[in-house]
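Hi everyone, and thanks for coming.

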Amino acid sequence: MERRQFLLNQSDIPTEWYNIAADLGEPPPPPLHPATQQPCKPEDLAPIFPMGVLEQEMSTQRWIKIPEPVLEKLALWRPSPLYRAVGLEKALKTPAKIFYKYEGTSPAGSHKLNTAIAQAYYNKLEGTTRIATETGAGQWGAALSIACNFFGIGCTVYMVKCSYQAKPYRRSMMHTFGGEVYPSPSEKTEFGRQVLMNDPDCPGSLGIAISEAIEDTLAHDDVKYSLGSVLNHVVLHQTIIGLEAKKQLEMAGVYPDVVIGCVGGGSNFGGIVMPFMADKIAGKDVRAVAVEPKACPTLTSGAYKYDFGDTAKMTPLLKMHSLGPDFIPPAIHAGGLRYHGMAPLVSLIVEKGLAEAVAVDQLDIFEAALTFARSEGIVVAPESAHAILQAINEANQATEEGKERVILFNLSGHGFLDLGAYDSYFADKLCSTD
Ligand SMILES: *Cc1c(COP(=O)(O)O)cnc(C)c1O
């Protein structure tokens, strides 16, 4: 029987995060202050983020130690499993070897808890009593609610209104862990009230919800803000995925030809690929492919420029691929992939030619999700199905060429709370995003 599972022990959890900023030859372009357009200093951002997080945001140190209390919480489910997709390989009749790192085993059901725990910890250390944040489909709000609960901090979540209505169970998750959830645009903030005055039926967007969370933060001394993707420290915290995967592929006796991840803000992709990009910079032959929805094609169609992260233009300017802060994406079911911007570190590795990007259609990703469910037994988040589709395409290409190819993809989360989207697909209610 082919070996399917590559499991590590608790003592194998990486004890340091890997920072790609150390190996890019020059420091990444800094965030710019929205008023002065000058590079932000840590003090500029201190009202929003704790210093522990800001130091990491601007760090070019290669290895950063994971604090013991963070490791202790990560050990609830880490190391996460790496599987060989033997069933999928058979279904595709491919000579390719397909491996996936499964982040759906976390209590939150996705990779997002990796950074939520670290961010809650640094906030606790510096006396924050409550964290305000935004969430789209609810995965980030749920992860942060769990993490804040672990460290005894309050959590206020501004949830994009159309998701607040469409995804009641993620709201229930947040309530379970003591999170407060408001549909955004809300009456709680000046910006929310302004948006509602102009458009009482506004369905909301991540950009609007971020503006509300930042306004809430700035109005209170003991409240800080937290972002679940995009920023350098978030990508850093997610590198634990790629570091574990590397050890696990060693157990399997292989090195990947290609590493694949879906991209919303870029954190799970960055998390799995950055440790492999270190090898690539050192001369190793490995490809990285970021997969995004055609409905929100940030990397493949967005300009690479300084842009705002939120609709009210309160955030610092980040050098990234962007569709513009006013972009309101169509309601595709992969709610976690609907952000207008991209992690600057991910944008940078794409600009440097280290990583590639492709955009795919929503009907194709559901077909890939079903192929995967029926061969591997896991119902995946629609976001993760983007990575699966690309893995299948890579395997089919290997089949055509009659070559072996080692494919690694990140399975960012399970789809148990996304079954409504599967129902829409079964009922032919999803349209092509071509
Ligand atoms: C949020 C989310 C994503 C997208 O976010 P990234 O920062 O690009 O990783 C992907 N998959 C799942 C399951 C998510 O919850």
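Let me begin with a term: a salt bridge here is a side-chain nitrogen of Lys or Arg within 4 Å of a carboxyl oxygen of Asp or Glu. Please also keep in mind that this is a predicted model.

With that term in hand, look at Glu-89. Which residue does Glu-89 form a salt bridge with? The partner is Arg-84, and the closest N and O atoms are 2.8 Å apart. Both ends of this pair, Glu-89 and Arg-84, are buried. As background, side chains of opposite charge can pair when their charged atoms come close.

How many salt bridges does this rule give? The count comes to 18. Let me show you a few.

Start with Arg-4 and Glu-376, whose side chains meet at 2.4 Å, N to O. Those two come from distant parts of the chain: Arg-4 sits in the segment before strand 1, Glu-376 belongs to helix 15, and 372 residues separate them. Is each end buried or exposed? Arg-4 is partly exposed, because its relative accessible area is 33%. Glu-376 has 11% relative accessibility, so Glu-376 counts as buried.

Now find Lys-352 and Glu-26, another salt bridge, at 3.3 Å from N to O. Lys-352 is in the loop between helix 14 and strand 14, and Glu-26 is in the loop between strand 2 and helix 1, so this pair ties together parts that are 326 residues apart in sequence. Lys-352 is partly exposed at 36% relative accessible area, and Glu-26 is partly exposed too, at 48%.

Salt bridges can also join up into a network, and here one links Arg-287, Glu-356, Glu-394, Glu-401, Lys-403 and Arg-405.

Let's move on to a helix. Helix 6 runs over residues 139-151, which makes 13 residues. From first C-alpha to last, helix 6 reaches 19 Å, close to the 18 Å expected at 1.5 Å a residue. Why can we call helix 6 largely enclosed by the rest of the structure? Because 11 of its 13 residues are buried. Among the buried ones are Trp-140, Leu-144, Ile-146, Cys-148 and Phe-151.

So what do the buried residues of helix 6 pack against? Their neighbors are helix 3, helix 5, strand 6, strand 7, helix 8 and helix 16. Just past the end of helix 6, you'll find Gly-152 with a positive phi of about 70°.

Tyr-169 is in helix 8, which covers residues 168-176, and Tyr-169 is exposed because its relative accessible area is 60%. Together with Phe-416 and Leu-417, Tyr-169 forms a nonpolar surface patch, and the three share about 350 Å² of accessible area.

Phe-416 brings us to the last stop, His-414. His-414 lies in the loop between strand 15 and helix 17, and the His-414 side chain reaches the backbone nitrogen of Phe-416 at 3.1 Å. Is His-414 buried or exposed? His-414 is buried, because its relative accessible area is 18% and the cut-off for buried is under 20%. Leaving aside residues up to four places away in sequence, His-414 touches Tyr-102, Gly-104, Gly-109, Val-379, Val-380 and Ala-381.

That's the end of the tour.

Terms used. Residues are numbered from 1 along each chain as its sequence is written. This is a predicted model: local features need pLDDT of at least 70, side-chain atom pairs count only at pLDDT 80 or more; totals for chains, interfaces and linings use all residues. Side-chain values use heavy atoms; hydrogens and water are left out. Patches are made of residues with over 30% relative accessible area and no salt bridge: like charges are joined within 9 Å, nonpolar side chains (Val, Leu, Ile, Met, Phe, Trp, Tyr) within 5 Å. Accessible areas come from the Shrake-Rupley method with a 1.4 Å probe; for residues, only the protein chains shown count as cover. Helices (H or I, at least four residues) and strands (E, at least two) are DSSP runs, numbered from the N terminus. Buried means under 20% relative accessible area, exposed over 50%, partly exposed in between (1.4 Å probe, protein chains only). The expected span of a helix is 1.5 Å times one less than its number of residues. Contact means heavy atoms within 4.5 Å. A polar contact is a pair of N or O atoms within 3.5 Å; within protein, one must be able to donate a hydrogen and the other to accept it, and residues adjacent in sequence count only if both atoms are side-chain atoms.
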